[in-house]
Amino acid sequence: MKTLAGVQTGHRARPERLPGATSSQREATARRILAAAWDGEPRTASELMDRTALTRATVLSVCKELVTAGWLTEEDDARKAGSYARGRPALRYRFAPASRLVVGVDAGQHSFKAHVATLQGRVLGRARRPQDPAADGPARRAELATVVDEALSDAAVSAERIAGVVIGAPAPVDLDGHSPSDAAENFWPRMNPDFVTVFAERDWSVIVDNDANLAALAEAGSGDAVNAYATLLSGERFGVGIVVDGRLLRGSRGGVGEMRVLDMVSGVGDPHGLAHWARQEIQAAAERGLLEESALGNLERDQIEAHHVFAAARCGDALALQVVDALGERLAPVVMLLSGLLDLDRIIIAGAVAESIEPVLQRARQIMAHDVTMSHAELVASTWGNGVVLQGAVEAAIAMVRSGPLGTAAS
């Protein structure tokens, strides 16, 4: 079980072995040394001894193996670096963050985005491909391979350098990377058509996870995380990643956080998200002839998106304010349900709408304030914007490589 920013994720990594490691104890020792060097600062054996409580002989032996495997590099000795004036010079070791690379993918309903990054999170390559939301599974599998190859090309790196891949999909995902059958809509199998097997021939370690779970992991690494919170993706469909007592909740089939329960929530009625309902409200207003009286009428009707509505609301546009009120009335029961059921400290609205969602959050807070019978979680917008799932995927891929068994250096 891996840990990312204090959140236990529950996923498993594919086993590989460190050359020369003959036992799990040797592997654990190597990981202790890597953890002590992970910040990238060059460190002498003595400094690594102080940080790990290991003997000099063990540190020197394991560092030699880690240098051979490509995890560490040997730097100029401390005398050349100006640290020593006399005596035997000491070698310094530095973590090599580019020795392995990771890939994070946001395989959304409407677009695929991929990043190639170092083990310290520096992005080397990017790719994005718009998607047909009605595309079938085989088409999405082919698009996944293509967008990853384009990100590798943008980074100018070979596939052999990739140590781990994490893919976020808008579907429940079990620990083996599979999504359950969804006979009613066939949505989940299309969104995750066994992505975990797409790169089988490349022998990469691959994890597929629910996109909202990855968004929750990104928020855990933001530096202001709380112990119990939910990250609510609120674009085309609602989906939520839930962390309680420092643990990401999943369920046996990965179904925790699926919001089809909203079909039964009064005032909500379905799991469609705020971006979807903003367009529906504008369409209804247009059919009633109200759009011409609004600043939104200066835009083509089919081009009006949620961020246009929110911007107009901030300027006092009457129609936009009506839409914001309607969206706040839909959001408030969702927040109250999650907050009351799970005793959460914070609910974070994430996804593309987060950058401009504040008018809706203000309305939702006003509605919740009228219910004095229960306390409510703090309601805030994510600072990650549309990149929250991708950020979570990269961080989860780094955590997978960092906590899984060590492998040889990529060529």
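The model is predicted, so local features need pLDDT of at least 70 and side-chain atom pairs pLDDT 80 or more, while totals for chains, interfaces and linings use all residues. Residues are numbered from 1 along each chain as its sequence is written, and side-chain values use heavy atoms, without hydrogens and water.

The volume of the largest pocket is about 960 Å³. Among the 40 residues that line the largest pocket, H110, G235, E236, A352 and N386 are the closest to its centre. A pocket here is an open set of points on a 1 Å grid over the protein atoms alone, where a 1.4 Å probe fits, with protein on both sides within 12 Å along at least five of seven lines; lining residues have an atom within 4 Å of a point. Volume is the space filled by probe spheres set on the points, which are joined across faces, edges and corners.

Q131 sits in the loop between β8 (123-130) and α4 (137-155). Q131 is buried, at 9% relative accessible area (buried is under 20%, exposed over 50%, partly exposed in between, with a 1.4 Å probe and protein chains only). Beyond four places in sequence, Q131 touches Q109, H110, S111, F112 and E143, contact meaning heavy atoms within 4.5 Å.

D182, in the loop between β9 (162-169) and α5 (187-191), is also buried, at 5% relative accessibility.

Notes: Helices (H or I, at least four residues) and strands (E, at least two) are DSSP runs, numbered from the N terminus.
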